[in-house]
Amino acid sequence: MRPPSSGEVGNYLTGITRMAFGDAEGLKFLDLTTRGFWRSFWAFAYSLPAYCVVWIADRNSLVTAQPETQAGFGYLVRSAATDVAGIALALLAVALLARPLRMSDRFAQWVIAGNWLSLPIAYVMAPINWLAVGIPGAAGIAAALTLLAIVGVLVISVRVYRVALGGDGMLAFGLLVISELIYIMTKLSLG
């Protein structure tokens with residue numbers, strides 16, 4: 001399966017932006033077919049440079065705090081593996097809950113929207129993570145920016161998920177909480 005072109009990705013991001021503003025027409029910019037479902041996972045491949053920045057920044061932060069720590073290439077591989085595991089387990093949990101929550105018919109569009117939303121989020125968070133370790137004395141600014149970015153990401157995520165789920169704000173919020181908790185618990189367990 002060929003990856004989406006830059007034009008297609010631009011359309012998907014336009015759709016996500018419209019959804020973030022509560023516009024249900026944004027869904028029309030996404031490929032909501034079975035093929036589009038599987039192609040939406042390319043968002044993570046396109047996010048790989050941003051993820052690498054985050055993993056390297058985390059590694060550098062660890063080495064700065066604990067100079068005796070051996071955090072080489074293996075540390076970066078483990079960081080990548082725990083992120084993949086966290087994402088996969090969160091998706092699996094929501095997939096298992098889809099029928100009991102009566103959202104089976106909207107699960108695919110929730111995944112598609114969430115995958116494409118992850119692309120701009122990765123590129124917003126990467127420089128903030130790098131700021132914390134890349135500029136001496138910038139930890140306080142980076143912490144404040146991280147907090148603002150996390151709040152913004154959570155608000156935008158709920159708005160996008162609400163549109164993807166046909167306007168169900170409580171379900172959107174609940175799925176965000178469930179998926180984030182599973183992701184965080186996986187990172188803490190494996191990291």
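**Close-up views of a predicted model**

Glutamate 8 and arginine 39 are both buried, a word used here for under 20% relative accessible area, with exposed meaning over 50% and partly exposed in between (1.4 Å probe, protein chains only). This is a predicted model, in which local features need pLDDT of at least 70 and side-chain atom pairs count only at pLDDT 80 or more, while totals for chains, interfaces and linings use all residues. Residues are numbered from 1 along each chain as its sequence is written, and side-chain values use heavy atoms, with hydrogens and water left out.

**View 1. A network of salt bridges links Arg2, Glu8 and Arg39.** A salt bridge is a side-chain nitrogen of Lys or Arg within 4 Å of a carboxyl oxygen of Asp or Glu. Between glutamate 8 and arginine 39 the closest N and O atoms are 3.0 Å apart. Glutamate 8 belongs to helix H1 and arginine 39 to helix H2 (residues 34-39), so this pair ties together parts that are 31 residues apart in sequence. Helices are DSSP runs (H or I, at least four residues), numbered from the N terminus. Glutamate 8 also forms a salt bridge with arginine 2, at 3.5 Å between the closest N and O atoms, and arginine 2 counts as partly exposed because its relative accessibility is 46%.

**View 2. Helix H1 (residues 6-20) has its buried residues along one face.** These buried residues are Glu8, Val9, Tyr12, Gly15, Ile16, Met19 and Ala20. Seen down the axis of H1, they fall within an arc of 140°, taken from the directions from the helix axis to the C-beta atoms, so they line one face. After H1 comes glycine 22, whose phi is positive, near 85°.

**View 3. The largest nonpolar core has 31 residues.** Such a core is a set of buried Ala, Val, Leu, Ile, Met, Phe, Trp, Tyr and Cys residues joined through side-chain atoms within 4.5 Å. Met19, Leu30, Trp110 and Trp116 touch the most other members. Two or more residues come from each of H1, helix H5 (73-98), helix H6 (107-134), helix H7 (139-164) and H8, and H6 gives the most, with 8 residues.

**View 4. Lysine 28 forms a salt bridge with glutamate 25.** The closest N and O atoms of this pair are 2.9 Å apart. Lysine 28 is exposed, with a relative accessible area of 64%, whereas glutamate 25 is partly exposed, at 36%.
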